[in-house]
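Morning, everyone. Please bring up the model on your screens. I will go from a few local spots to the whole chain.

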Amino acid sequence: MENLFRLADHDESSARRCVVVNGPVIVGAGPSGLATAALLRDQGVPFVVLEKTDCIASLWQKRTYDRLKLHLPKQFCQLPKLPFPEDFPEYPTKSQFIGYLEAYARRFDINPQFNECVQSARYDETSGWWHVQTVSTAGGSRGEVEYLCRWLVVATGENAECVTPDFEGLAEFGGDVMHACEYKSGEKFAEKKVLVVGCGNSGMELSLDLCNHDALPAMVIRDSVHVLPREVMGISTFGLAVLLMKRLPLWLVDKLLLILAWLVLGNVEKYGLKRPLVGPMELKNTKGKTPVLDIGALAKIRSGEIKVVPGIKKFSPGQVELVNGEKHDVDSVILATGYRSNVPYWLKESEFFSKEGFPKSSFPNGWKGNSGLYAVGFTRRGLCGASSDAINIAQDIGKEYKEKEMGQKRTSTPTHRNTHDSPISWTILGCTK
C-alpha cells in the first residue's frame, strides 16, 4: 500500500495524525483479519490492518501453551487461497500453525500497522465515514492516529480478553495464580498441587500437561460438559459430524455422536463429567460451547492422576474450600476460564453487535451490519466459520469498491473538524501494489 500524498507541513512529532483510507480498515491481525485482507488483496481493494500488539496472531504467539496443537484436522483450519503444506501432520503444532500464518501474510503482502490499539470507532452519519481512533506506540513513542474509512471490518474475535472470575479469598490465597493464557508448560509445577479451574479443551489439556510433568492437578468442573473422542477408528469425530450434518437432522447427529462416545470412552459421568441435556453439536451451534475432544486427559482422570472436584466456595491462605465442604491444600491456581470479546469497549454501535460483543444475527448472517460495518470470526465455528465470513465480506466490499471507482475517478476527502489543540497531519492511503 502506497502513501499517496500528505497535507500540512509541520513537525509531525507533535501532531495527531489523520489517515484517510480509500478502502476498509480491518481491526485485528489474527487469522480472521488475515483471511479478510488476503481476499481483499485478491479483489484489488486497498486496506489497512490495525493490530494492538507487535505481531500477527498474538493469541497464538503470546497466549498459548507450548504443547498446543490444532484440535481439528488441518483441512478444517486452513485459510482461503492457501492450503497447509502437504508434509504438515493431520493436527499441526502451535509453531507450525504460526509459521503457516506468517507465510500467509507474506504470500498476500499483508503488512499490519502494529502497536496500534483502537480506542474507539464511530460512524459519522453526515459524512458517511467511519472514524477509528487509535493510540500508537510504534517506534517507542506514543501518538494518536485517526483513521477515516468507508468500511470497517471488526476482526478482534471471540477471544480478545481473558475472563478471570473473582473468587472469595483469592487475593489472600498466597500461592501462584495465573490465567491459562500465561501458562506455557507444566515443567515448573513438578510435585506441586495445582488447581485447574475450568474443564474445556484448555483445562483438560493443561491438566494432562501438568500430569506429564509430574504435577498433582485437580480440575474444577462446575458445569456439565460433553467429552468426545478426537477420533473414532482413525476418523476425525468433527469431520464425521460435519459429514453427517449434510445428510441427517442435527438431533440425530447428536444421538449418533453420543453413542460413539459411549462406545469409545464409556460412561464418563461416573468420573464427575456430567453431560448436558442438549446434544454436543446443538450446544455448539446455539451457545458456542465447544465439546471437549479428548487427547488423553480422560485416561488420567480414570487412573486418578487428575482429580475431578466440584465448584469453588472460597480460598484461604494455601487452601481452597469446595461447595461440598471439602478443603484441599493447593500450591498454585490456573484459571482456564476462557475469553470474551472486547468489542463493546471500543465500538460505538449497538444495532449490529450485542452488549456481549457478538453480532446479534446468528451464523450465517452475522457478517454484515449497516453503514459499511462487518464482523469476521464471531461465528463460534472456528476457522471454518471465519473463512466463510471473510469470503462474504471481501466479495461484498469488492463489489461496492469497484462501483465507487467506476463512479468517481478521485476519492473525496471527508470533512473533519479538529477538536484537539494539536495540529493534524493528513495522510491519504489508497493504492495497492
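One definition to begin: buried means under 20% relative accessible area, exposed means over 50%, and partly exposed is in between, with a 1.4 Å probe and protein chains only. Now the source. This is a predicted model, where local features need pLDDT of at least 70, side-chain atom pairs count only at pLDDT 80 or more, and totals for chains, interfaces and linings use all residues. Residues are numbered from 1 along each chain as its sequence is written, and side-chain values use heavy atoms, with hydrogens and water left out.

Start at asparagine 115. Is it buried, exposed or partly exposed? Asparagine 115 counts as partly exposed, because its relative accessibility is 24%. Its loop runs between helix H3 (94–107) and strand E4 (116–124). Helices (H or I, at least four residues) and strands (E, at least two) are DSSP runs, numbered from the N terminus. Now the backbone. Phi of asparagine 115 is positive, near 60°, and this residue is not a glycine.

Aspartate 214 also has a positive phi, about 65°, and is not a glycine. Look for aspartate 214 in the loop between helix H4 (201–212) and strand E10 (216–220).

Next, a peptide bond. From phenylalanine 363 to proline 364 the bond is cis, with omega near 10°. Proline 364 sits in the loop between helix H9 (343–346) and strand E21 (373–375). For background, most residues other than glycine have a negative phi, and most peptide bonds are trans.

Now threonine 134. Which strand holds it? Strand E5, residues 129–136. Threonine 134 has a relative accessible area of 2%, so it is buried. Its side chain makes a polar contact with the side chain of glutamate 116, at 2.7 Å. A polar contact is a pair of N or O atoms within 3.5 Å; within protein, one must be able to donate a hydrogen and the other to accept it, and residues adjacent in sequence count only if both atoms are side-chain atoms. Leaving out residues up to four places away in sequence, threonine 134 touches several others, including Leu50, Val118, Gly143 and Tyr147. Contact means heavy atoms within 4.5 Å.

Finally, the whole protein. Count ten helices and 22 strands. Buried residues make up 49% of the 433 residues. Among contacts between residues at least 6 apart in sequence, 66% join residues at least 24 apart. Along its principal axes, the C-alpha trace spans about 70 × 55 × 40 Å.
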